[in-house]
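Subject: Structure for you to look at

Hello,

Please find the structure we spoke about below. My notes on what was found in it follow.

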Amino acid sequence: MKSWSLATILIVLNCLTNFGLALADAPRVVASIRPLHSLVSSVMEGVASPKLLISDSSSPHSYTLRPSDALTLDRAEIVFWFGPELETFLQKPLQALASDAVQISMVDQPSLYVLPGRNTRGDKLKIQDPHLWLDPVNAIAMVRVIAATIQQADKANHDLYVDNAERIIEALEKLNVRIKSDLAPLKNIPFITFHDAFQYFEERYKLNSVGFVLTEPEHISSAKYVKEITQQIAELRPVCIFTDSYFEPDLLESLASGTDLRRATLDPIGFMLSPGPDLYFDLMQSIIDSFTHCLGSFSHAN
Ligand SMILES: [Zn+2]
């Protein structure tokens, strides 16, 4: 017979206890995408785990709701999301939810710093840029919103949420200071991004983005876009192009051939990372690493 180590038994017992506590009195909380789920998980640590809606590597821009997601939403007491500009698939299901379910859309929070989308500059209809988690200062404001909302729903665990929120905010403040100093030497080096998700990050750390290829990673293979990207590279002379996992490798090869354009990936959602309280910090670290790797040790010879 297979014998279990004491450590395994303790882990199993611990999981059972957590689950039991969660069933007994914690509110049922849902978060749309990994970075938001991570911050909610941190606030709820020691009480329960929130549900993550998009748990695979689908883009929130093009996700379609599954029957199991509909069930998760139906049972939710609190739903955190960014807003229809990001999770368009949630707009209708949320309207249909039970009226007493609390819905918090981050783009609507007055304490957050929200920028208009760069593609809508000339348009009459201003669309908000929903990628606001890529600024740790916004993440701090998000933690405050999350904690205030959950405290309201679960007064029994109020103090725990307050303590958790204070601890995360302190860590996020440190992270912000560290990114500032890590990226300061790179701030004049030109780059372009494929997916226009990094406006908040670029603005916070004063980085030299000279353009972006697409607003959102759809329709990449059309000839019009390929021509546009080739032109941007020739005119703007970026040192690096940042792509993401949706970018076709063949296209990137053909764009970069004959140039000394450096390439790196940026993953704004954290698809390669395990969901949970650490994800937000791991995600920001992976972005710092990408910038340092692609823009670092470049010298302006001319
Ligand atoms: Zn996006």
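K206 is exposed, with 12 other C-beta atoms within 10 Å. The residue sits in the loop that links α7 (199–204) to β6 (209–214). Its phi is positive, near 50°, and K206 is not a glycine.

Please keep in mind that this is a predicted model.

R237 counts as exposed, with 12 C-beta neighbours inside 10 Å.

A70 is a further exposed residue, also with 12 C-beta neighbours inside 10 Å, but A70 belongs to a helix, α3 (residues 67–75). Setting aside the neighbours within four places in sequence, A70 is in contact with L65 and P93. The C-alpha atoms of A70 and L97 are separated by 9.6 Å, and the two residues are 27 apart along the chain.

Now the chain as a whole. The protein chain has 10 helices and eight strands. Of its 302 residues, 34% are buried. Taking the contacts between residues at least 6 apart in sequence, 64% join residues at least 24 apart.

The sheet

Four of the strands form an open sheet with parallel pairing, in the order β2-β1-β3-β4. β2 (51–52) and β4 (102–105) are at the edges and have a single partner strand each, so one side of each is left without a neighbour in the sheet.

Strand β1 (residues 29–31) runs parallel to strand β3 (residues 78–81), and three bridges join them. Within this pair, A31 has F80 of β3 as its bridge partner. On to the next pair: β3 and β4 are also parallel, over four bridges, and here F80 stands opposite I104 of β4.

Which residues of β3 point one way, and which the other way? I78 and F80 point one way, V79 and W81 point the other way, and all are buried. As a general point, side chains in a regular strand alternate between the two faces of the sheet.

Helix α2

Helix α2 (residues 34–44) lies across β1, β2 and β3, and runs at about 150° to β1. Is this helix mostly covered or mostly uncovered? α2 is mostly covered, with 11 of its 11 residues buried. Among them are R34, H37, V40 and M44. The cover over these buried residues includes the strands β1, β2 and β3 and the helices α5 (136–153), α6 (158–183) and α10. After α2 comes G46, which has a positive phi near 90°.

The contacts of helix α10

How do the axes of α2 and α10 cross? The axes of α2 and helix α10 (residues 279–295) come within 8 Å of each other and cross at roughly 135°. On the α2 side the contact is made by R34, P35, S38 and L39, and on the α10 side by L279, Y280 and L283. By class, five of the residues in this contact are nonpolar, one is polar and one is charged.

α10 also meets α6. The axes of α6 and α10 come within 11 Å and cross at roughly 5°. Angles under 35 degrees count as roughly parallel, and α6 and α10 are therefore roughly parallel to each other. In α6 the residues are L175, I179, D182 and L183, and they meet F281, M284, I288, F291 and T292 in α10. This contact divides into seven nonpolar residues, one polar and one charged. In general, an α-helix has 3.6 residues a turn, so residues three or four places apart point the same way.

If you want one place to begin, take α2: the helix lies across β1, β2 and β3, and α5, α6 and α10 are among the elements that cover its buried residues.

Regards

Terms used: Residues numbered from 1 in each chain as written. Predicted model: local features only at pLDDT ≥ 70, side-chain atom pairs only at ≥ 80, totals over all residues. Pairing = 2+ DSSP bridges. Helix = DSSP H or I, 4+ residues; strand = E, 2+ residues; numbered from the N terminus. Contact = placed C-beta atoms within 7 Å. Axes fitted to C-alpha atoms, helices over the stretch in contact; angles between N-to-C directions. Buried ≥ 20, exposed ≤ 12 C-beta atoms within 10 Å, placed from the backbone. Nonpolar A, V, L, I, M, F, W, Y, C, P; charged D, E, K, R; others polar. Parallel < 35°, antiparallel > 145°, perpendicular 65-115°, else oblique.
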